[in-house]
Amino acid sequence: QVQLVESGGGLVQAGESLRLSCAASGSIFSINTMGWYRQAPGKQRELVAGFTSGGSTNYADSVKGRFTISRDNAKNTVYLQMNSLRPDDTAVYYCNLHDISWPYRDYWGQGTQVTVSS
């Protein structure tokens, strides 16, 4: 069992910054990838930023140049630095760990609300 605990969300004004954190704990025995997703009201959940199986990063076009994903392997923690926030970034942000080997499971954090005012 893997647990993901997110923190760092909040209410900010447009142009300001936030850093989200996701601490992973539990039994992690499989090969996996990690990333950040978000879901705005009335919209589908989308990938914001993630690490590929090869160790590189990818970003949604809407956040390129503004968001940065990073990790601290010693602390089993991934981060999402969000700069130049815009109102359309408002969403619930979820941390995800995806097994790419057995048992092929998806693990999700509880979600953290990010609200950007105009």
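Residues are numbered from 1 along each chain as its sequence is written, and side-chain values use heavy atoms, with hydrogens and water left out. In this predicted model, local features need pLDDT of at least 70, side-chain atom pairs count only at pLDDT 80 or more, and totals for chains, interfaces and linings use all residues.

Strands are DSSP runs (E, at least two residues), numbered from the N terminus. Strand β9 spans residues 91–99. Seven of its nine residues are buried, so β9 is largely enclosed by the rest of the structure. Buried means under 20% relative accessible area (1.4 Å probe, protein chains only).

Two strands pair if DSSP finds at least two bridges between them. Strand β4 (residues 32–39) runs antiparallel to β9, and Arg38 stands opposite Tyr93 there. β11 (residues 112–117) is also antiparallel to β9, with Ala91 opposite Val114. β10 (residues 106–108) is another antiparallel partner; here Leu97 faces Tyr107 as its opposite residue. β9 and β10 form a hairpin with six residues between them. Tyr104, in that turn, has a positive phi of about 55°.

**Strand β8 and its partners**

Five of the six residues of β8 are buried. β8 runs antiparallel to β3 and to β7. Val78 is the bridge partner of Cys22, and Tyr79 is that of Ser70. The hairpin of β7 and β8 has four residues between the strands. Asn76 in this hairpin takes a positive phi near 50°.

| Antiparallel pair | Bridges |
|---|---|
| β4 and β9 | eight bridges |
| β9 and β11 | three bridges |
| β9 and β10 | three bridges |
| β3 and β8 | six bridges |
| β7 and β8 | six bridges |

**The nonpolar core**

A nonpolar core is a set of buried Ala, Val, Leu, Ile, Met, Phe, Trp, Tyr and Cys residues joined through side-chain atoms within 4.5 Å. The largest one has 28 residues. Leu4, Trp36, Phe67, Leu80, Met82 and Tyr93 touch the most other members. The elements giving two or more residues to this core include β1 (2–7), β5 (46–51), β8 and β9. Leu80 touches residues including Leu18, Trp36, Val48, Phe67, Ile69 and Tyr93, leaving aside residues up to four places away in sequence. Contact means heavy atoms within 4.5 Å.

**Ser21**

Ser21 lies in strand β3 (residues 18–26). Is Ser21 buried or exposed? Ser21 is buried, because its relative accessible area is 16%. Among its contacts, not counting residues up to four places away in sequence, are Val5, Ser7, Trp36 and Tyr79.

Methods
Buried means under 20% relative accessible area, exposed over 50%, partly exposed in between (1.4 Å probe, protein chains only).
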